[in-house]
Amino acid sequence: MPHEPFWPNPDATFDLRPFEKFAILGHARFDGFLRAQAELPRGDYSPSYLTRGMHMMAASAHMFPLAKAINVATGKPVLLLTQPLLARKPDWAPDGLDQAAWDAAANFLDGYAKNAGARFMPQPLKTVNDFCYTDPRFATGRRHPTGTLPTEDLGHMNVEYAKIVLDGIRGRSSKGRTAQARA
Amino acid sequence: MTATLGSCFAQHIGRELKKRGYRWLEAEPPVAEFPQPYNEKFQYGMFSFRTGNIYTPRVLRQWLDWAVDGNPSAEFWYKGTQVIDPFRPTVQPDGFADGEECSNARKRTLRAIRDNVPKIDVLVFTLGQTEGWRNKASGWTYAICPGTHGGRFDADRHEFVNFGVSECLADMKQAVRQLRVLNPKIKLLLTVSPVPMVATASAQHVLLANARTKSVLRATAAALTEEADDIDYFPSYELITQPPFRAIFYEPNMRSVSRAGVDFVMDTFFSIYQGDGAAKSTLRAHAPPATMETRDAEAVFCDEIMLDAGIGG
């Protein structure tokens, strides 16, 4: 069986017309937005620093112009998903977070997504612990195919995680574009 | 644990301490999930505390007096609709949203000083300037001239001051007293910035003003180190400016210190202090490197450059 190249051919062209909907995954990280929302009520940083930081990160995220281009070209629904959170509790949230910070970060990104004719779909909550990290049972914990990542891989998730995300995407389409991923 | 504060040249010392794996105090860390260039614009990681550049002994003393005794100034400036902290005018690009946010941020830095000075073994402070501007009524000294980056100069309210040796010495002694209130065991390592002044508000030519400023700061450092065993001096200034080095460590603008100059100073610094933060400096005979690199030194942010005509906003 021939080995599939790891990176897609950059010269490839795709016919987008047959597809009913599109999902763009992994073009941005969620943790910066989540942390900024969590830090706002704590008072350790100026609100200007935190809110400008969030807008700066969103404005430089490639997924929004990409979504807009796909939406304009096809008129089909586009869902935007961030990379999964690391499978380790962050040191800035030793007691975990509440859902308010999670929802605020998701709504912030959804605002940018709507401007691009798309919707933001947060990481399914059944894969998340304490609203701030991926449940370690979903982490592959294996070396990346390129062999460049450390042995303990906390950033790449397994097939079980992918199934839940796909279910979320399907659920979204069956409930309509405004339905939130409650999975 | 080593901490760094002072004028723009001090940024090199903190950066090199981090790069070479020393325990450098970062009392106000940024949101690490934000991109580093964004955090650097907010001057996170530039000094151990988010004070911005501290050029004069008076401003160092002021920060420490506020941290230890309380009652910090509540003054802020406007730059258009932006609110600017007169005591660290460039730490918040585009300014604070309002006076309350500015005041809260200043209080956070003062709290960070109070909470973290007890963790410091050696504070490296780089003396940079003797010229400053102060509020006539309150006596508080600003980081920069009102009107250059926010605020508006008003001769009825603001005045130029050029501190002399006795004032600098008194300010440094008070600063040391305040540091020891928080940490009786803290040691101080003084340096003088080799970066020359770009402008002067005195009536003198800038060459004369620069010689006066650096002489006053060097005399202040000498007096302090000769009086106290736990205050040392490291010759950043001499390693760049003195005749054996023939000004080869300056960039063509004859102000910025080249990458080779920074490396020379820092290599000498670590050759002396490696493993013995308390050692008195015994500068070894160093010849300038045979081949000089011409690449730029890593960017440092100097508020003082705004004093140069046409640059200040």
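**View 1. A salt bridge between two strands of chain B in this predicted model.** The side chains of E159(B) and R134(B) meet in a salt bridge, with N and O 2.9 Å apart; a salt bridge here is a side-chain nitrogen of Lys or Arg within 4 Å of a carboxyl oxygen of Asp or Glu. Because E159(B) belongs to strand β6 (residues 158–162) of chain B and R134(B) to strand β5 (residues 131–135) of chain B, the pair ties together parts that are 25 residues apart in sequence. Strands (E, at least two residues) and helices (H or I, at least four) are DSSP runs, numbered from the N terminus. E159(B) is partly exposed, at a relative accessible area of 27%, where buried means under 20% relative accessible area, exposed over 50% and partly exposed in between (1.4 Å probe, protein chains only). This is a predicted model, in which local features need pLDDT of at least 70 and side-chain atom pairs count only at pLDDT 80 or more, while totals for chains, interfaces and linings use all residues. Residues are numbered from 1 along each chain as its sequence is written, chains are lettered from A and ligands numbered from 1 in the order in which they are written, and side-chain values use heavy atoms, with hydrogens and water left out.

View 2. E238(B) forms a salt bridge with R218(B), the closest N and O atoms being 2.5 Å apart. As E238(B) lies in helix α7 of chain B and R218(B) in helix α6 (residues 206–227) of chain B, the pair ties together parts that are 20 residues apart in sequence. E238(B) is buried, with a relative accessible area of 18%, whereas R218(B) is partly exposed, with a relative accessible area of 26%. Elsewhere in chain B, a network of salt bridges links E16(B), K19(B), R20(B), R259(B), D263(B) and D267(B). In chain A, R17(A) is joined to D15(A) by a salt bridge whose closest N and O atoms are 3.0 Å apart; R17(A) counts as exposed, at 67% relative accessibility, and D15(A) as partly exposed, at 41%. Over all chains, the count comes to 26 salt bridges.

**View 3. Helix α4 of chain B and what covers it.** Helix α4 (residues 99–116) of chain B has 18 residues, which at 1.5 Å a residue should span 26 Å, and its end C-alpha atoms are 26 Å apart, in agreement; the expected span is 1.5 Å times one less than the number of residues. Among the buried residues of α4(B) are G99(B), C102(B), A105(B), L110(B) and I113(B). The cover over the buried residues of α4(B) includes α2 (47–59) of chain A, as well as α3 (57–69), β3 (82–84) and α5 (165–182) of chain B. At the start of α4(B), a side-chain oxygen of D98(B) comes to within 3.2 Å of the backbone nitrogen of E100(B).

**View 4. The interface of chain A and chain B.** The area buried between chain A and chain B is about 1,500 Å², of which carbon and sulfur atoms give 55%; buried area is the accessible area (1.4 Å probe) that two parts lose on being put together, summed over both. In chain A, Y45(A), Y49(A) and R52(A) lose the most area to chain B, together 41% of what that side buries. The contact, meaning heavy atoms within 4.5 Å, takes 18 residues from chain A and 20 residues from chain B. Across this interface the rule finds one salt bridge, and R35(A) forms a salt bridge with E33(B), the closest N and O atoms being 3.0 Å apart. On the side of chain A that touches chain B, α1 (31–39) and α2 of chain A each supply at least two residues, and α2(A) gives the most, with nine residues.

**View 5. S46(A), in a loop of chain A, and its partners in chain B.** S46(A) is placed in the loop between α1 and α2 of chain A and counts as buried, at 3% relative accessibility. The side chains of S46(A) and Q92(B) are joined by a polar contact of 2.9 Å, a polar contact being a pair of N or O atoms within 3.5 Å, where within protein one must be able to donate a hydrogen and the other to accept it, and residues adjacent in sequence count only if both atoms are side-chain atoms. Leaving aside neighbours within four places in sequence, S46(A) is in contact with Q92(B), F96(B), E101(B) and R108(B).
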